[in-house]
Amino acid sequence: MADESAGSDTLAHLLARRILVDGPISVGAFMAEALGHPRLGYYIRQDPFGSDGDFTTAPEISQMFGELVGLWCVDSWMRLGGPGPFHLVELGPGRGTLMADVLRAAAVLPLFRDNATVHLVETSPALRERQRRTLQPILGDAIQWHDRLEDVPDGPTILIANEFFDALPIRQVQKTGHGWFERLVDVEPDSSKDDPRFRFVLEAFGSSGSRLVPDALRDAPDGSVVEVSPASQAVAQLIGARLAAAPGAALAIDYGYAQGPAVGDTLQALRRHAFAPVLEAPGEADLTAHVDFASIAAAAREGGAQSFGPVEQGEWLTRLGIHQRASSLMAKATPAQAKDIRSAMDRLIDPAQMGRLFKLVALATPGAFADASPPAGF
Ligand SMILES: C[S@@+](CC[C@H](N)C(=O)[O-])C[C@H]1O[C@@H](n2cnc3c(N)ncnc32)[C@H](O)[C@@H]1O
């Protein structure tokens, strides 16, 4: 990659220079750089959450979300036989809000808290600092951060990941009259060096495109776009292998489709709570794509875990008791607070809001749950 030392360069300048030197890059490489470039990546530089940021996630909408995830963790740990000391792992913990609510709810079983070592897998220094501020009052210095799941020590594990997989790079392939071709990102030919703009092109020879397309979609009509996320599959397989090697359970929550792989271009950019053109400002907007739950579950099974779901978020939160939790919070609230609690619950479970689009997959060590029943809510 070209010289990175020039401090005034934007990520767009760096990517444009790389493309001019090496040729067009995959959508996955563009996404990985836009989100994770070590100096200029979107997550690396800032805390993008909340009403002042670019988007809001379920734990930031209501404490009820993290509390119910926390009860799920406690229930899973108990049904695994309470395997003594274990790793409580979160992938992509954002502001640390979900883990804080999980730990507060887990106070119902002090043994759970006493046996847990908290591991946060997070690449962003800005968000690690935010997580430290959220969690230090609860955990003191007993928090371990890692860049990758591979770095978390082996052993019994309860793992959670909310809106982590949607931030992992996807690759796109497109069907033409001549077969499948990978979509790449190139520099717009008429844009200037000082203000580079980007456009999609198709690879010249179709070798990676035809390798990436799943067999079930090979006969899709011309013009179809298919997305695959080898990065997500690799993480899911690793979770599966962890759960095969030692007792544990994992919960992945995200937005996406249950019956994948599907045809469609779902890559999107969010900036200040509004959609933006995906290639417009790398590093300045959040880039995500729908998660293919079937392929996450399949990769985890390949790794050796058992999979459950997907279940829609509205359904799962209802089964876990969100109505009862909202009622008990509302009983102690002012009328204005009660209204907020109700509208937060609606936002999480209403099928027209997050209730249907967001889904959960659970993974577990095969046969490890004491009563052979599925994890709570599945
Ligand atoms: C959309 S946010 C979700 C945050 C949080 N789970 C929540 O629900 O509020 C994605 C999180 O994953 C982190 N992240 C993104 N890519 C990552 C990667 N490859 N490895 C580790 N963390 C990553 C981001 O820095 C951020 O904390």
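This is a predicted model: local features need pLDDT of at least 70, side-chain atom pairs count only at pLDDT 80 or more; totals for chains, interfaces and linings use all residues.

Strand S5 (residues 157-162) has 6 of its 6 residues buried, so it is largely enclosed by the rest of the structure. In a regular strand the side chains alternate between the two faces of the sheet. Both faces of S5 are covered, with Thr 157, Leu 159 and Ala 161 buried on one side, and Ile 158, Ile 160 and Asn 162 buried on the other.

Strand S2 (residues 86-91) is joined to S5 by 5 bridges and runs parallel to it, and here Val 89 has Leu 159 of S5 as its bridge partner. S5 is also joined to strand S10 (residues 248-257), through 6 bridges and again in parallel, with Ile 160 standing opposite Leu 251 in S10.

## The nonpolar cores

The largest nonpolar core has 55 residues, and those with the most contacts inside it are Val 69, Trp 72, Leu 88, Leu 251, Trp 316, Leu 348 and Phe 378. Helix H5 supplies the largest share of this core, 8 residues. If neighbours within four places in sequence are left aside, the residues in contact with Trp 316 include Leu 68, Val 69, Trp 72, Leu 251 and Phe 378. Apart from this core lies another, of 33 residues, among them Ala 29, Met 31, Tyr 42 and Leu 279.

Helix H13 (residues 322-331) has as its buried residues Ile 322, Ala 326, Leu 329 and Met 330. These cover an arc of only 100° around the axis, which puts them on the same side of H13. What covers them includes helix H5 (63-79), helix H12 (313-320) and helix H14 (335-349). The face of H13 turned away from its buried side carries the exposed residues Gln 324 and Ala 331.

## Salt bridges

The count of salt bridges comes to 21. One of them joins Glu 129 to Arg 132, with the closest N and O atoms 2.7 Å apart; both residues lie in helix H8 (residues 125-139), 3 residues apart, or about one turn of the helix. Glu 129 is partly exposed at a relative accessible area of 34%, and Arg 132 also counts as partly exposed, at 29%.

Another salt bridge brings together the side chains of Glu 182 and Arg 171 (2.8 Å, N to O), linking distant parts of the chain, since Glu 182 is in strand S7 (residues 179-187) and Arg 171 in strand S6 (residues 171-176), 11 residues apart. In this pair Glu 182 counts as buried, at 2% relative accessibility, whereas Arg 171 is partly exposed, at 25%. Asp 190 forms a salt bridge with Arg 197, the closest N and O atoms being 3.6 Å apart; here Asp 190 is exposed at 61%, while Arg 197 is partly exposed at 41%. A network of salt bridges links Glu 67, Asp 101, Arg 104 and Arg 325.

Conventions
Residues are numbered from 1 along each chain as its sequence is written. Side-chain values use heavy atoms; hydrogens and water are left out. Buried means under 20% relative accessible area, exposed over 50%, partly exposed in between (1.4 Å probe, protein chains only). Helices (H or I, at least four residues) and strands (E, at least two) are DSSP runs, numbered from the N terminus. The arc is that of the directions from the helix axis to the C-beta atoms. Contact means heavy atoms within 4.5 Å. A nonpolar core is a set of buried Ala, Val, Leu, Ile, Met, Phe, Trp, Tyr and Cys residues joined through side-chain atoms within 4.5 Å. Two strands pair if DSSP finds at least two bridges between them. A salt bridge is a side-chain nitrogen of Lys or Arg within 4 Å of a carboxyl oxygen of Asp or Glu.
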